[in-house]
Amino acid sequence: MPDRTDRTAEIAERLRTDPRIVALVLGAPWRRVGPDVSRSGPVSAVGEGRADGRGRMYVGVPSPSELSELGLPTEVLRHFGLSPADLRAGGWTDTDLRSAGLTPPGAEPEPVEWFVAGEPPQLMLGLAPSGPPLLARPEPGAQAGGVDPVEVHRVPDVVGCTDPESDGMLLVRQIRDRLVRRARRRLAHCGVCLRQVLRTDPATGVCPDCAAEWLGVLP
Ligand SMILES: [Zn+2]
């Protein structure tokens, strides 16, 4: 069974803001996406570029210490167009790569913990161990009853937000509204429980829950 517990307060704490601000800016209540429906991202090929990369130099790519001397954040690394394997071969450590928001080759991507708001779900919020929070639109996932995030947006300014009317938050609200509008346009009507749902079976017009309960279809 999906976890229906309201996690808005927990999310607010993790975003270092107030639950009322989370509700105003993002929406509420938020609940966790079950572990069975979480999405696993693409995994980099193990050992990619490792053997033949030894001794290569990447002229013009500053090291983390050079970046900090220049007052530049490690994220500017993204702009050099080099893969994590290239950068690691060039002497970058996995910690450097992670602080640049890149996944070291062969490593599992850092798991984003996804939460959904609304019934049926109309908005997704992703919290990663490092990196900015994410907003996305839920789409029916590969697994029955599950959802996957699409149209993912980074919303770093939400962290520590104290003014829901600030320019940054107005931008976040625009993103939120666009995602919610698109999500609502895609809702379907279940012919049995009469609820709005993310997906109905094209043959029966019935949602996965009702199909399991009334038609004997396994979810
Ligand atoms: Zn139904």
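A nonpolar core is a set of buried Ala, Val, Leu, Ile, Met, Phe, Trp, Tyr and Cys residues joined through C-beta atoms within 7 Å. A residue counts as buried if 20 or more other C-beta atoms lie within 10 Å of its own, as exposed if 12 or fewer do, and as partly exposed in between, with C-beta atoms placed from the backbone. The model is predicted: local features need pLDDT of at least 70, side-chain atom pairs count only at pLDDT 80 or more, and totals for chains, interfaces and linings use all residues. Residue numbers start from 1 along each chain as its sequence is written.

The chain holds seven helices and seven strands. Helices (H or I, at least four residues) and strands (E, at least two) are DSSP runs, numbered from the N terminus. Their order along the sequence is α-α-β-α-α-α-β-β-β-β-α-β-β-α. The chain has 219 residues, and 26% of them count as buried. Two residues are in contact if their C-beta atoms, placed from the backbone, lie within 7 Å. Among contacts between residues at least 6 apart in sequence, 49% join residues at least 24 apart.

The largest nonpolar core comprises 34 residues, and Phe115, Met124 and Leu125 have the most contacts inside it. Elements giving two or more residues to this core are α1 (8-14), α2 (19-25), β2 (113-117), β3 (123-127), β4 (134-140), α6 (167-185) and α7 (208-214). The core lies between domain 1 (8-37 + 113-186) and domain 3 (187-219), because both give residues to it. Domain bounds come from an automatic or database domain assignment. Beyond its neighbours within four places in sequence, Met124 contacts Trp114, Phe115, Val116, Leu135, Ala136, Arg137, Pro138 and Pro149.

Helix α6 has 19 residues. Met169, Val172, Arg176, Leu179 and Ala183 of α6 are buried. These residues cover an arc of only 85 degrees around the axis, so they sit on the same side of α6. The arc is that of the directions from the helix axis to the C-beta atoms. Their cover includes α2, β3, β4 and β5 (147-154). On the other side of α6, Asp167, Leu170, Gln174, Asp177, Arg181 and Arg185 are exposed.

Leu187 is found in the loop between α6 and β6 (188-189). With 14 other C-beta atoms within 10 Å, Leu187 is partly exposed. Leaving aside neighbours within four places in sequence, Leu187 contacts Pro120, Gln196, Val197 and Leu198. The C-alpha atoms of Leu187 and Glu139 are separated by 9.9 Å, and the two residues are 48 apart along the chain.

Note on methods:
Expected span 1.5 Å × (residues − 1).
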